[in-house]
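These are my notebook entries on one structure. I went through strands, a metal site, charged pairs and a surface patch in turn.

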Amino acid sequence: MNNSAKKKSGETLSMVIFIDALGWEVLKGRKFLEDEMPHRQKLRSVFGFSSACVPSILTGRTPREHLHWSYFFYNKETSPFRALKPLSWLPKALTERGRVRHLISRVVGRVLGFTGYFQLYNLPFKHAGLFDHCEKNDIFKPGGMNRGDNIFDLLERNKVSYHVSDWHDGEEANLQACEQAILNDDIEFAFLYMASMDGLLHQVGKESDQVDTKLAWYEDKLRDLLSTAREQFDDVRVFICSDHGMATVKQDIDMMSHIQALPLEYGKDYVAVYDSTMARFWFKNDLAKTMISEKLSQLDFGKTLSKPELEALGCDFEGDQFGELIFLLDPGSIIVPSHMGLKTITGMHGYHPDHEDSDAALLSNVSTPVPLESITDIFHLMRAETGMPVPA
Ligand SMILES: [Zn+2]
């Protein structure tokens with residue numbers, strides 16, 4: 001097959017290359033693809049983890065609108081996890097092992113027919129039946145959102161030919177699939193998904209040399225991909241973006257002990273999910289609400305977010321779906337142990353979007369067709385690049 005003979009003359013390819021956690025502050029002082037991508041700016045992130053940020057990139061909407069935020073939310077009636085309770089009798093030495101939890105998560109996700117990202121993390125089996133999960137569907141597919149359209153709904157409706165990575169696959173496989181689509185398929189738009197920067201930054205922190213090594217790897221791979229694309233298309237418009245940055249962890253907080261010291265019973269008086277950077281509470285009675293609120297007001301490593309603040313962040317949900325009270329830790333502090341993990345880690349995100357380490361980045365080889373301030377604007381950028389109308 002002679003690919004180079006069929007240059008798509010006069011044709012344009014727009015590519016969005018998503019690199020998870022490639023924050024503005026991560027890039028600071030680093031020359032990542034500066035020659036290729038002279039247009040560089042920071043983007044304000046969305047409050048929450050990737051489970052909130054990526055849906056906002058794919059829809060242009062806030063969590064309140066698309067209904068994707070932290071994975072687990074209290075809902076006993078709709079919980080698909082009630083059958084997990086007997087697993088709480090298994091020895092902790094076994095079930096607290098990361099590999100075992102991964103395996104159980106995979107089986108549970110498959111049995112329940114989830115196509116979205118699903119991990120039980122360290123959520124106790126004993127209480128799993130209290131919770132529902134907000135990413136049951138593959139958000140990179142049409143119809144994947146809990147509410148509203150994503151970019152892929154629009155691309156299909158407007159008959160735009162495109163390639164999107166399979167997020168289940170690793171970076172090498174995604175690069176290869178994207179290259180194949182550029183060579184062989186008649187596409188106008190490509191969305192390349194690269195996720196392993198996030199894991200590395202969690203493990204080693206943004207200051208590490210290993211981040212430079214990883215960036216050099218991306219540079220190599222992306223230069224190759226771009227040169228392939230330029231052999232095929234007259235015009236290749238490239239946008240590298242991220243969902244959030246990464247703060248360096250300085251302090252572990254034993255948040256659960258603060259709450260468990262109160263004369264209240266989990267499940268009877270209150271329900272809580274302890275994410276890495278926030279604790280989310282639902283109250284079964286006024287006494288629990290008063291005692292927990294009072295306790296939280298005494299803690300000096302974070303603060304309870306007010307209703308107006310959550311509203312301004314687009315994270316005020318109907319029926320307080322993701323928590324009646326959200327306590328957010330200051331950047332650099334993490335909850336250990338949490339329902340996300342038992343051990344501490346070097347980097348974390350999921351802090352207030354006002355903090356500089358939360359900022360995402362956008363790098364491009366052309367000036368952007370729409371003004372960009374927030375990661376939600378990446379959706380509008382993709383829409384403009386593919387000539388699609390503003391959705392209702
Ligand atoms: Zn992460």
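Entry 1, strand E10. I looked up which way the side chains of E10 face: Tyr270, Ala272 and Tyr274 point one way, Val271 and Val273 point the other way, and all are buried. The model is predicted, and I read each entry with that in mind. Since five of the five residues of E10 (residues 270-274) are buried, I noted the strand as largely enclosed by the rest of the structure.

Entry 2, the partner of E10. I then asked how E10 and strand E11 (residues 278-283) pair: the sense is antiparallel, over five bridges. Three residues lie between E10 and E11, and the two strands form a hairpin.

I followed Arg280 onward and found Ile326 as its bridge partner in E13. E11 and E13 run antiparallel and are joined by four bridges. In E13 (residues 325-329), five of the five residues are buried, so I noted this strand, too, as largely enclosed by the rest of the structure. Leu325, Phe327 and Leu329 point one way from E13, Ile326 and Leu328 point the other way, and all are buried. I also checked strand E12 (residues 302-304), which pairs with E13 in the antiparallel sense over three bridges. There, Thr304 stands opposite Phe327.

Which protein atoms are the donors of the zinc ion? I listed two OD atoms of Asp198, NE2 of His202 and NE2 of His349, lying 2.1 to 2.3 Å from the ion. Along the chain, the donors follow the spacing D-x3-H-x146-H. His202 is in helix H9 (residues 196-204) and His349 is in the loop between strand E15 (347-348) and strand E16 (360-364); the pair is 147 residues apart and links distant parts of the chain. I found both His202 and His349 buried. The angles among the four donor atoms run from 57 to 149 degrees, and the site is irregular. It does not count as tetrahedral because that would need all angles to lie between 85 and 135 degrees.

I searched the whole structure and got 20 salt bridges. I looked at some of them one by one.

Glu171 and Lys214 meet through their side chains at 2.7 Å, N to O. Glu171 is in helix H8 (residues 171-184) and Lys214 in helix H10 (residues 209-232), 43 residues apart, and the pair links distant parts of the chain. Both Glu171 and Lys214 are buried.

Glu385 and Arg237 form a salt bridge at 2.8 Å, N to O. This pair also links distant parts of the chain, with Glu385 in helix H14 (residues 377-385) and Arg237 in strand E7 (residues 233-241), 148 residues apart.

Asp149 and Arg157 meet in a salt bridge at 2.9 Å, N to O. Is Arg157 buried or exposed? At 51% relative accessibility, Arg157 counts as exposed, while Asp149, at 27%, is partly exposed.

I recorded a nonpolar surface patch of about 360 Å², made by Leu103, Val107, Val111 and Leu112. I placed Leu103 in helix H5 (residues 98-111).

Key: Residues numbered from 1 in each chain as written. Predicted model: local features only at pLDDT ≥ 70, side-chain atom pairs only at ≥ 80, totals over all residues. Heavy atoms only, no water. Salt bridge = Lys/Arg side-chain N within 4 Å of Asp/Glu carboxyl O. Buried < 20%, exposed > 50% of the residue type's maximum accessible area, 1.4 Å probe, protein only. Patch = residues over 30% accessible without salt bridge, like charges linked within 9 Å, V, L, I, M, F, W, Y side chains within 5 Å. Areas by Shrake-Rupley, 256 points an atom, 1.4 Å probe, with all protein chains shown as cover. Donors = N, O, S within 2.8 Å, 3.2 Å for Na, K, Ca; no water. Tetrahedral: all angles 85-135°; square planar, octahedral: opposite > 155°, others 65-115°. Pairing = 2+ DSSP bridges.
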